[in-house]
Amino acid sequence: MFVFGHVGLTTLTARVIEKSTSEKRIDYRLVVIGSLLPDLIDKPIGRILFRNRFESGRVYAHTLAFVLVLISIGLYRLYRYKKIGWLVLAGGSILHAIFDQMWMFPKILFWPFLSGAFNKPAAHGAAKGPLAWVPPEYHRLIINPYIYIPEIIGAIVIIYFVIRLYRYRGFSTFLKTGTIL
């Protein structure tokens, strides 16, 4: 999944949780960061810094161990200071792993519990025909409904919230406090 799916669907999930519970401390800036955090960490590591070793954008921050560290920090901060920011980041990262279908990659998800090293992912076949010029990630975006449908839904959700922020003049409030009116 790409940016719109992660951000839009995670924001929608956080909004549903906020509306269905009495929790009003959700910082949507952290929701957005948490929804992208595994990619923000792993893409530079796996595709730029150590490309010859991993050749993947799914390494350390796409693991259950990473989420457990975030949850542990979050629970400590909740009980010690009554702050939920780290739990919001953990929730965003959990949803990121779900949306990336990480259960399909158990050696990554359960690292270091299941395996000690990350393997290079299986190479996807290059596109053929009129889409041969399209990079593999974008080719999957075009042809795979498990990727393009969440991206479309996520984009609609983001557009909805941006319009809502514009209509109620809530951009400055969002930037200062992370709340969505």
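1. Tyr76 has a relative accessible area of 47% and is therefore partly exposed; buried means under 20% relative accessible area, exposed over 50%, and partly exposed in between, computed with a 1.4 Å probe on protein chains only. Tyr81, at 40% relative accessibility, is also partly exposed.

2. The model is predicted, so that local features need pLDDT of at least 70 and side-chain atom pairs count only at pLDDT 80 or more, whereas totals for chains, interfaces and linings use all residues. Residues are numbered from 1 along each chain as its sequence is written, and side-chain values use heavy atoms, with hydrogens and water left out.

3. Three aromatic pairs are found in a search of the whole structure. Rings of Phe, Tyr and Trp (its six-membered ring) pair if their centres lie within 6.5 Å; planes under 30 degrees apart count as stacked, over 60 as edge-to-face and the rest as tilted. Tyr76 and Tyr81 form an edge-to-face pair, because their ring planes lie at 85°, with centres 6.3 Å apart.

4. The rings of Tyr160 and Phe161 have centres 5.1 Å apart and planes at 70°, so this pair is edge-to-face. Phe161 is buried at 7% relative accessibility, while Tyr160 is partly exposed at 47%.

5. Helices are DSSP runs (H or I, at least four residues), numbered from the N terminus.

6. Buried residues of α1 include Gly5, Val7, Leu9, Ala14 and Glu18. Among the elements covering the buried residues of α1 are α2 (28-49), α5 (85-99) and α8 (145-167).

How values were computed:
Helices (H or I, at least four residues) and strands (E, at least two) are DSSP runs, numbered from the N terminus. Contact means heavy atoms within 4.5 Å.
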